[in-house]
Amino acid sequence: MSASPILETVGLTRTFPGVRALDRVDFRLYPGEIHTLMGQNGAGKSTLINVLTGVHAPEAGEIRLAGEAVHFSTPQEAEAAGIQTLYQEVNLCPNLSVAENIFAGRQPRKRGLIDWKTIHRRAEAALAELNLSLDVTQSLDTYPIAMQQMVAIARAMSVDARILILDEPTSSLDEGEVARLFEVLRKLKASGIAILFVTHFLEQTYAISDRITVMRNGEREGEYLAADLPVQTLVAKMVGLQDAGERLTHAEVAHGPATATDAEPYLAAQGVARRGVLNPLDLEVQPGQILGLAGLLGSGRTETARLLFGADRADAGAVRIQGKVVKLTSPRDAVRHGLAYCPEDRKKEGIVADLSIRENIVLALQAQLGWWRMIRRSRQRELANEYIEQLGIKARDAEQAIGLLSGGNQQKVLLARWLATKPRLLILDEPTRGIDVAAKFEIMDRVRALCAKGLGILFISSEISEVVRVSDRIAVLRDRRKVAELSGAARSEHEVYDLIAGDRR
Amino acid sequence: MTRPALPLWLTLALRHPLVWPAATLVCLFVVDVVHRGNFLSITLLGGHLFGAPIDILMRAAPLVVVSLGMTLVIATRGIDISVGAVVAIAGAAAATVLADDPSRVGAAFGAALVVGLVAGMWNGLLVAFVGMQPIIATLILMVAGRGVAQLLTGGQIIPIGAPGYLFAGGGYFALVPCAVWIAIAVTVLTALIVNRTALGLFIRSIGVNPVAARLAGLSSQAVVFGAYAFCGVTAAIAGILISSNVRSADGNNAGLLLELDAILAVTLGGTSLLGGRFSLAGTVLGALIIQTLTYTTYSIGVPPEATLVVKAVVVLLVCLIQSPAARAFAFHQLRRIALARRARA
């Protein structure tokens, strides 16, 4: 690590109507380091990045690049100065080839025409730098998200970046893919590139960071060497609570003893399958129990949830609800049988962004009642306010558009939407993805409280530790097949990891 | 922020989605009044109200009705370009019934409405259940519908003489043209369906996020199907009004290009073609804008060969005024000019 920072901010301030998003923030980034920015939703991480990359202009303070004050009025200017940014969602064109994506907008030309040979050669070289060999002529969407992200990095690197900013790059990656990404980041770091990394995952933070800057309420809480900052302290600093770290360590203890597993299952699936999607699978969920589904991305977790909920049609097997065979050919059928499903992709499949919190909450209940029996306006407001209070949804009022809420609050509204239908079995697919630590605990607390009241829950999460912590039983999936079911004392993170890794390890 | 401070009520009013269509309509009225001082005067003659505004309302009635159906279809992310053809079929169906027996007025109305419903259900079937793209699905009926209408009329213009039928599009009831009453009734009925049942919520949800709506347990197919069926019925009502007003059914020309006016009315009213939020009141205003514009271009003496161009220019302007981005740009430019002037002074 060299002595002077490549990127530095002094007293950076930026306000939005009603919010002080950044308040006199000092921040330093050194060449050849991986620096993680931590903080809850709304702590100012995104604003800081947006100011650094020229999306927003600061109102006060200064950005210094290699010691010189700079002003970026557009993202292009920041890019030209060597600051490359990768956002949460991969910002590439899925229908273009890998090579085209890497060189889009600056294709090398020969006699006025695009020089495809050079493009392909240079694209391959750029990927080779990252220890990757792909067929660069294939369209980007033939590769998994993780690979697409690598391509985005290759694109960033091919324009002589000095600083690489990664905004939650791992939120849609599975563990193996994360390891691969980190390998690439370490390689870049070794070549002297400064990396600014934003994530919600604590484990990943410690796996990769040299230093950590914690932000809270728009202010810089502090800057620490990762090695000197215990995880409990980090969480406490992020949420501004003294006991948050304690909660993290003792969460496991708080989990009550498993209720009787031999109770009659609310839902029992036998040999449920869909060709090319999921191999025949048996599952049982008892009332008042949490069944965790653990597995890597693509192992069949979400696919299982979708088949059980009727979002996709199963082509084999039978589902019994309270012992009776039922046909679940649409989500509508599933809802009628007391099922509820919070999907993985909140934005695309969960929220109806333009509509109000009230409308989003009553939607499922109203859909169940049909178009003719409309819930009275006054009752709708009552319901909405009830859940806003009960789940601690932070919003101006029930008429605010759901799209304007933070991720955690959107998730709570979706939870409210289903609770309003009084479900018997709730399927939660990654309910805490992209949600800050405090809200994560809050949501999991609610889930467990509901469970205590007799609600059966199918819980899916890519964070194995979370699955182990909350579940009564865990079904482990690998390669679209259930490989084991663990319960009681047999549940341990290690065992789950081993099962997931299977013979590949 | 250095924006000039507007009073709160004005800021809120300017943000209301109906402000711009309403302002456009008022502007057109002002142009008319300036050109002809007695534009707004309404006289009572033999138990009927007469005057330019009444005339505009009456002529706008079919467009208002069709546009209401179109609004719901567009709100579900769809479009129905077959309404003009359905207008022709409905008129032809009614005329055929009346040609056999001029006394069967009720049967004629019924035939037109049923034909419209079936046409709408056909569109709904293709879009919601077969999964065709709306513009292609309704293109089929747009082309075929004219053929069906011509088959019904035998390629001729069938005159209609049954007094009961002519009452709908040309008669008066309680001082006001019957067509206007029908348009009001359809508007009120649509508003009731949308606001007093959950259909409004369902249509908006499907328009904004069809995937989420389905996963919430909504049967979006049924709702989309219903929207097209309803649109077919509104087109049939427009067909009755038009054929009754011109006292004939013309398979070839009745309702020609009406679908485009209807889409325009919906857009002028502030409903996005991308679906989701919609405004029935906005659509009614949009339809009135289009009819008033037609009236104005004729009345201020734009030569007939230039009317379409003038209409296009005005529509373009209205669309620009309604676009927040365009308004911000214009505002910015005006301020720059003002600042430059002040600097020079």
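Which residue stands opposite Leu164(A) in S9(A)? The residue opposite Leu164(A) is Gln84(A). This is a predicted model, in which local features need pLDDT of at least 70 and side-chain atom pairs count only at pLDDT 80 or more, while totals for chains, interfaces and linings use all residues. Residues are numbered from 1 along each chain as its sequence is written, and chains are lettered from A and ligands numbered from 1 in the order in which they are written. Helices (H or I, at least four residues) and strands (E, at least two) are DSSP runs, numbered from the N terminus.

**Strand S9 of chain A and its partners**

- Strands pair if DSSP finds at least two bridges between them, and strand S6 (residues 83–86) of chain A pairs with S9(A) in the parallel sense over four bridges.
- S9(A) also pairs in the parallel sense with strand S10 (residues 194–198) of chain A, over five bridges, and there Asp167(A) has Val198(A) in S10(A) as its bridge partner.
- Five of the five residues of S9(A), residues 163–167, are buried, so this strand is largely enclosed by the rest of the structure; a residue is buried if 20 or more other C-beta atoms, placed from the backbone, lie within 10 Å of its own.
- In a regular strand the side chains alternate between the two faces of the sheet.
- Both faces of S9(A) are covered, with Ile163(A), Ile165(A) and Asp167(A) buried on one side and Leu164(A) and Leu166(A) buried on the other.

**An antiparallel sheet in chain A**

- An open sheet of four strands in chain A has the order S14-S13-S16-S17, with antiparallel pairing.
- Strand S14 (278–285) and strand S17 (324–326) of chain A stand at the edges with a single partner strand each, so one side of each has no neighbour in the sheet.
- Strand S13 (residues 267–274) and strand S16 (residues 316–321) of chain A pair in the antiparallel sense over five bridges, and the bridge partner of Gln270(A) in S16(A) is Ala318(A).

**Helix pairs in chain B**

- The axes (lines fitted to C-alpha atoms, for helices over the stretch in contact, with angles running from 0 to 180 degrees between N-to-C directions) of helix H12 (residues 258–268) and helix H13 (residues 280–299) of chain B come within 7 Å and cross at roughly 125°.
- That angle makes H12(B) oblique to H13(B), where angles under 35 degrees count as roughly parallel, over 145 as roughly antiparallel, 65 to 115 as roughly perpendicular and the rest as oblique.
- Helix H8 (residues 178–196) and helix H11 (residues 220–245) of chain B pack at about 175° with axes 11 Å apart, and H8(B) and H11(B) are therefore roughly antiparallel to each other.
- In this second pair, Ala179(B), Ile182(B) and Val186(B) of H8(B) meet Thr234(B), Ile237(B), Leu241(B) and Asn245(B) of H11(B).

**Where the two chains touch**

- In chain A, 24 residues are in contact with 21 residues of chain B, contact meaning that the C-beta atoms of two residues, placed from the backbone, lie within 7 Å.
- Helix H11 (331–336), helix H12 (346–350) and helix H13 (357–369) of chain A are the elements that give two or more residues to the side of chain A that touches chain B, and H13(A) provides the largest share, six residues.

**A buried residue in chain A**

- Gln149(A) lies in helix H5 (residues 145–157) of chain A and is buried, with 23 other C-beta atoms within 10 Å.

Conventions: A residue is buried if 20 or more other C-beta atoms lie within 10 Å of its own, exposed if 12 or fewer, and partly exposed in between; C-beta atoms are placed from the backbone.
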